[in-house]
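Please look over the sequence and the model shown below before reading on.

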Amino acid sequence: MRKKHKIFCIIGLFYFCIFISCFNLNTKAQDEEDDIYSVGFTEGTELIWEVAELNLMSFREIFGFEPNFEIGDQNRMIIRAITSSTIYWLIEIEFWDYKDDWGLSGRTLTLRMGKRPIYYQDYVFSLFPVEQYLEETIALLPSDYYRMGFSIFKQGKSDTGFDYLWKKEYDSRGILITETFYDEFDEVIVRLEGTFRFIPFGTTFIGFTLLATTAIIIVMMKKKNFRIKMV
């Protein structure tokens, strides 16, 4: 009985140490960067966005051309390499556009992201830490931009003369999770949604979480049964 209890306690302690280590590493990385923002995701990250909503008539009228996608269509991206230059983060990606065959190699592209908000240019991603980066960025952008939490908005006018609102929402890593265009009446023109969900520290973290939680429950049940027997 004591041996099992000891094993469960060790598992729980191991899980706790991993969590604290990850937190400390993240804090240390931020301190080392000073005022230069970092990339919050890693090489090998795979991203898929899906067309969740599309008002075809509104899209044609406002933007003046036919979209190259339909509801349910997806595009795909894999982060192949992340490197650094003096003022830019260079993110090499492999990209599959709508209708592309995922069985074939995608196009290789390099995205450049300025390390400081002054270089912002409507990026697909946000730098890390996200909320701080967006807050500083908004202060430097024209008045047609504004921010709410992890989302950045831009008031625009199409080539056909129509007003629209462009919203990009990021997760805590700085990855785009939704991209939405609204018309002047706040009706959705088109919305893209990420089919992925962010899991802190990956699937290994989930495994330790479940294991530690199960261990705690078993220990509590064992203690309760022991007390009942003693009564």
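Ser126 sits in the loop between S4 and helix H3 (130-140), where helices (H or I, at least four residues) and strands (E, at least two) are DSSP runs numbered from the N terminus. With a relative accessibility of 1%, Ser126 counts as buried, a term that stands for under 20% relative accessible area, while exposed stands for over 50% and partly exposed for the range in between (1.4 Å probe, protein chains only). This is a predicted model, in which local features need pLDDT of at least 70 and side-chain atom pairs count only at pLDDT 80 or more, whereas totals for chains, interfaces and linings use all residues. Residues are numbered from 1 along each chain as its sequence is written, and side-chain values use heavy atoms, with hydrogens and water left out.

**Two loop serines**

- Leaving aside neighbours within four places in sequence, Ser126 is in contact (heavy atoms within 4.5 Å) with Met113, Tyr133, Leu134, Tyr170, Arg173 and Gly174.
- Ser158 belongs to the loop between S6 and S7, and at 9% relative accessibility Ser158 counts as buried.
- When residues up to four places away in sequence are not counted, Ser158 touches Ile62, Phe63 and Tyr164.
- Although Ser158 and Gly64 are 94 residues apart in sequence, their C-alpha atoms are 8.4 Å apart in space.

**The chain as a whole**

- The chain has four helices and nine strands, and from the N terminus on these elements follow the order α-β-α-β-β-β-α-β-β-β-β-β-α.
- Of the 231 residues in the chain, 35% are buried.
- Among the contacts in the chain with a separation of 6 or more, 48% are between residues 24 or more positions apart.

**Helix H2 and its surroundings**

- In helix H2 (residues 56-63), the buried residues are Ser58, Phe59, Ile62 and Phe63.
- Seen down the axis of H2, these buried residues fall within an arc of 100°, so they line one face of the helix; the arc is that of the directions from the helix axis to the C-beta atoms.
- The partners against which the buried residues of H2 pack are strand S1 (46-54), S7, S8 and S9.
- Met57 also lies in helix H2, but at 67% relative accessibility Met57 counts as exposed.
- Gly64 follows H2 and has a positive phi, near 80°.

**Strand pairing**

- S1 and S2 pair in the antiparallel sense over five bridges, pairing being assigned if DSSP finds at least two bridges between two strands.
- Within this part of the model, Glu50 stands opposite Gln74 in S2.
- S2 and S3 also pair in the antiparallel sense, over eight bridges, and Arg76 has Trp96 in S3 as its bridge partner.

**Cavity and pocket**

- On a 1 Å grid over the protein atoms alone, a cavity is a set of points where a 1.4 Å probe fits but cannot get out, a pocket is an open set with protein on both sides within 12 Å along at least five of seven lines, and lining residues have an atom within 4 Å of a point.
- Grid points are joined across faces, edges and corners, and a volume is the space filled by probe spheres set on the points.
- A search of the whole structure finds one cavity of 30 Å³ or more, and the largest cavity has a volume of about 40 Å³.
- Tyr120, Asp122, Tyr145, Ile152, Phe153, Lys154, Trp166, Lys167 and Lys168 line the largest cavity, with strand S6 (151-157) and strand S7 (163-170) each supplying at least two residues of this lining.
- The lining of the largest cavity divides into five nonpolar, no polar and four charged residues, where Ala, Val, Leu, Ile, Met, Phe, Trp, Tyr, Cys and Pro count as nonpolar, Asp, Glu, Lys and Arg as charged, and the others, Gly among them, as polar.
- The second largest pocket holds about 520 Å³ of space, and of the 25 residues that line this pocket, the closest to its centre are Asn75, Tyr98, Glu179, Phe181 and Leu192.
- S8 gives the largest share of the lining of the second largest pocket, three residues, and by class that lining has 18 nonpolar, two polar and five charged residues.
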